[in-house]
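Here's a quick look at one protein model, written for someone who likes cut-offs spelled out. Have the viewer open and follow along.

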Amino acid sequence: KSAFVEILSSNIGLIQEKLKNNNLRIENYVFGEENNCEAALIYMKDTIDINILNKLKSKLETIKTSYIPDTGYLMQFVEKHPFSVFPQSKTTEKPDKVVSDILQGKAAILINGCSYAVILPVVFTEFFQAFEDYSNRFVLANFDRILRFMAMIIVVTLSPIYLVLLNYNSELIPLDLIKIIITSRRGIPLPPFFEILLMEMIIEFLREGGLRLPSIVGQTLGIVGGIILGEAAIQAGIVSPTTLIVVAVTVIATFLIPNYEMSLSIRLLRFYVLIL
């Protein structure tokens, strides 16, 4: 249950407690001309790539802004591709995770008043690794990681593939299955594209609405709201049961991605692929 708090000195102490090493380096910065926010760059001297470290330091030293509230705000000045949908750094509140990444040659940035640490540089596959994977045995940990990559592929491609099969390549669907789909779609006024898009948007509304409510109410809204709206949509003849199953599987697959920022990116990417 050890986690970072909003006090920078306490967070640095948590890292020093778990990583007693003479090569550990902590460099202090001050950002924001108005609020003078204290920050710290933490890395291992003989482990991190010197070129990456110099680039990171040069970006941090050139930041000129009036106010830095948290690490997410700071990363917008550091990241290389500001318009990319994919995250270019990881955030965590676990000191164990920060220590593990520092030992792998990464750097961590902590800001006073923020209970999260930023870890960079990162690669794409890291966002599908959970910290508990390192405590599991080899076969089990890799099985979980394979499931997460499969879930990512399902989120991005399942709805578009279903749409393509209905509109353009229905001959690829087995005969028994196409009979069921045709029966379920009888009387549906919306074309398949708008039908899928409508359900995907409703799911996003429920998900975002659940985040803004108290945790107990938010969970109830997500579960009960999804069941009631799905059943009502089918009874009203707006969507077909097959479409609802496809969208539901897509939503469940998003829960397998352990990193929330990457989960948001993948969810956004599926709309691009659906339109494509």
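A disulfide here is a pair of cysteine sulfur atoms within 2.5 Å, and the structure has zero of them.

Before going on, some ground rules: this is a predicted model, where local features need pLDDT of at least 70, side-chain atom pairs count only at pLDDT 80 or more, and totals for chains, interfaces and linings use all residues. Residues are numbered from 1 along each chain as its sequence is written, and side-chain values use heavy atoms, with hydrogens and water left out.

**Buried spots**

Buried means under 20% relative accessible area, with exposed over 50% and partly exposed in between (1.4 Å probe, protein chains only). Of the 276 residues in the protein chain, 41% are buried.

| Residue | Relative accessibility |
|---|---|
| C37 | 6% |
| C114 | 8% |
| S89 | 9% |

S89 belongs to the loop that runs between helix 3 (71-78) and strand 3 (90-92). Contact means heavy atoms within 4.5 Å. If you skip neighbours within four places in sequence, S89 touches M75, V118, I119, L120, V122, F127 and E261.

**The whole chain**

The protein chain has 10 helices and five strands, read as DSSP runs numbered from the N terminus (helices are H or I with at least four residues, strands E with at least two). Its C-alpha atoms fill a box of roughly 70 × 45 × 35 Å along the principal axes. Among contacts with a separation of 6 or more, 66% link residues 24 or more positions apart.

**A helix pair**

Two packed helices are described by the angle between their axes and the distance between the axes. For helix 7 (residues 192-211) and helix 9 (residues 241-254), the axes come within 10 Å and cross at roughly 40 degrees. Axes are lines fitted to C-alpha atoms, for helices over the stretch in contact, with angles running from 0 to 180 degrees between N-to-C directions. Helix 7 and helix 9 are therefore oblique to each other; under 35 degrees counts as roughly parallel, over 145 as roughly antiparallel, 65 to 115 as roughly perpendicular and the rest as oblique.

On the helix 7 side, E195, I196, M199, E200, I203 and R207 meet T243, L244, V247, T250, V251 and T254 in helix 9.
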